[in-house]
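Q: Would you please take a close look at a single part of this structure, and describe how it is placed among its surroundings? I am new to the structure and would be grateful for one connected account.

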Amino acid sequence: MRSIRALAGCALSAALVCGTTTHAQSVAPALANIFADHAVLQRDRPIAIWGNAAPGTSVTVKLNDRSVTAQTGSDGKWRATLPALPAGGPYTLDVSSGTAPAQRLSDIMIGDVFLCGGQSNMEFQVKHATGLEVIPSANDASLRFTTIPDSSKTAPASDLAKRVDWRSVTPEAVGDASAVCYFMARSLRGTEKVPMGFIASEWGGTRIESWISAPALATQPGFTEGLNAIAMFDRDPAAATAADGTRREKAWEALDPAAKTERAFRATDYDDRKWATVPAQYEQVPAADRDRLGGVVWLRTTVDLTPAQVAAAQTLRLGPIGRYDETYVNGRFVGGGSVDWAWRNYGVPTGLLRAGRNVIAIRTFGPKQDGRFTDMSIRSIGLSDGGAVPLSGPWRYRIGTAIKDGSVAPAPWDVPNSLTTLYNGMVAPIAPYGLKLAAWYQGESNTGQAAAYRGLMSTLMGDWRRAFAAPELPFFVVQLTGYGKPATAPRESGWAALRQSQAQAVAADEHAGLAVTIDVGDRFDIHPAQKTVIGERLARLARVVAYGQPGLRSGPEAAEAVRQGGDIVVRFRNVTGGLQRYGGAGAIGFEQCAGTNCTYVDARVQGDTIVLPGAGRPEVTKVRYAWADAPFVNLFDGADLPAAPFELPVL
């Protein structure tokens, strides 16, 4: 799913040049970069504080009237734990060592801290949400937020690349905040009356596997080979990239009968003068060629570099280039992508470029009009001083085999399909910052792997609790909304199956909760704008699970489906004020299934149950509700909470 923030991102194969953390240790003690002016620290639990200093240094940390001392290890890292404090502030946070200059942070509040993670629906900002009238009135000095910059790492980073920016909620600032996280926190501020801060650590289009640590992900089946490749990349990026290029070439030889012949296209001495020239605009591509673009298309260009440019060259920047690509510089594979909207940024190994003529060749693969003829002006070689050498062409193209099916698996460090790298870059550096709860809004990018998602979701919750030293951390999951073409007949749905996996993972975790959002999706937009409702539902969960207030943690959930005479009765739990159906005499979206053959069935509301008349035939083995990518639903309870989608065996 496409990112809401800047899509350029940094590719891991660019030697992780975006957001690389320095390993040099400060002589004077310094706090880790998650700590900054205006931060909120978690109340009523010991407060972990950490940072860097010269090895062997004694470091003193002071917050308000509490002070502790820690010793720096040989790696220059120190960690201290301050006693628990009640909600309050503002305070100063000081770190010092003997006569060395102290670092002082001001306006530190003690309250409740929330961590919000996921992909672009968690990244979706307040300024894009429905109800923009909330922005002018958003003025709360005790509600604060920060956003972790996108960062992908092959090993856990010990710190963020730079100090975060903690901001108080104001009309000028709140538009940049995660909408779901903000509306949750705003609602909780209204009842809890303590300072609150939320940390948004999200990246659009990413998969859940990216957000789990390597040891935890290794407990799930199917990831050993990818994790080994990640470890190899961390040790030797050039060797790992070369091995990935070999793997890709073998896959292409199995897919494309012309692959062996087309190896010549990447060579520096190949004569491409008979190839067609890429025009300034896609519409200028000859119609006959446009009709043939589904499949393989090769692109080539040359660039002349000076010795100084060669010495300073760091990254090949290609922008979005198509669904899949393999890119070669002077005949050598430097990287490949697997998402049409992701910007390609590939590291340039030392010694690969040379003064004078250099050749860039790209094999692209995908459907027609997939972006492979993107404006060439955005393509360049990035230099260490921040400058760039344009790759303005001329670019030439040659149409290859018209392959309709098949793909080459992405490298395991390839964002947004990477393994563990976002945990390493965006979670590990901020752990174990004290938290009150975590919220997770992700799943769109995993809709084809519902069977594995339940285990991955449970693994992620346990992994984050370990990282943040909070074994009972409340964890709230936003269930996928509706998106896509409405169904006119029952059929299998990857979105529905993933919703079921989310519900199962939450049901198996006594400290988790599920926010059902099936009623606030947008079948035309994967980013529904009704984030206020979603935030309020997360807040409802939090009041019960995290704050211990009385009430139901969710809306109606199907508990069982039983035969009763010739009917099937579906019994619901967590119903407030009885089941309600909007806009009709009965509830819609129910299916009866005889094996894999499912048909719609009428449904009557009776108190806290649904009766499916005539569905109790022996061949009916299960019932489903809202089992579609974008179902239409009208079943709620008296608290206006939607019934959760489900699939149940008939007892």
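A: Thr420 is buried, for its relative accessible area is 1%; buried means under 20%, exposed over 50% and partly exposed in between, with a 1.4 Å probe and protein chains only. Thr420 sits in the loop between strand 21 and helix 8 (421–426); helices (H or I, at least four residues) and strands (E, at least two) are DSSP runs, numbered from the N terminus. Although Thr420 is not a glycine, its phi is positive, at about 65°. This is a predicted model, in which local features need pLDDT of at least 70 and side-chain atom pairs count only at pLDDT 80 or more, whereas totals for chains, interfaces and linings use all residues. Residues are numbered from 1 along each chain as its sequence is written, and side-chain values use heavy atoms, with hydrogens and water left out.

Asn64 likewise has a positive phi, of about 55°, without being a glycine. Its place is the loop that joins strand 4 (58–63) to strand 5 (66–71). Asn64 has a relative accessible area of 33% and is therefore partly exposed.

The bond from Gly89 to Pro90 is cis, its omega being near 5°, and Pro90 belongs to strand 7 (residues 88–97). The bond from Gly393 to Pro394 is also cis, with omega near 10°, but Pro394 is found in the loop between strand 20 (388–390) and strand 21 (396–399).

Strand 17 (residues 344–347) contains Tyr346. Because its relative accessibility is 2%, Tyr346 counts as buried. From Pro171, Tyr346 is separated by 175 residues in sequence and by 39 Å in space, C-alpha to C-alpha.

Helix 11 covers residues 531–545, and its 15 residues, at 1.5 Å a residue, should span 21 Å; the C-alpha atoms at its ends are 21 Å apart, so the two values agree. The expected span is 1.5 Å times one less than the number of residues. Buried in helix 11 are Lys531, Ile534, Gly535, Arg537, Leu538, Ala539, Leu541, Ala542, Arg543 and Val544. Their cover includes helix 1 (120–123) and helix 2 (179–192), together with strand 22 (437–441), strand 23 (475–478) and strand 24 (512–515).

Ser187 belongs to helix 2. With a relative accessibility of 11%, Ser187 counts as buried. Neighbours within four places in sequence aside, Ser187 is in contact (heavy atoms within 4.5 Å) with Glu536, Ala539 and Arg543.

The structure holds three cavities of 30 Å³ or more, a cavity being a set of points on a 1 Å grid over the protein atoms alone where a 1.4 Å probe fits but cannot get out, with lining residues having an atom within 4 Å of a point. Helix 11 provides the largest share, with three residues.

Terms used
1 Å grid on protein atoms, 1.4 Å probe; cavity = no way out; pocket = protein on both sides within 12 Å on 5 of 7 lines; lining within 4 Å. Points joined across faces, edges and corners; volume = space filled by probe spheres on them.
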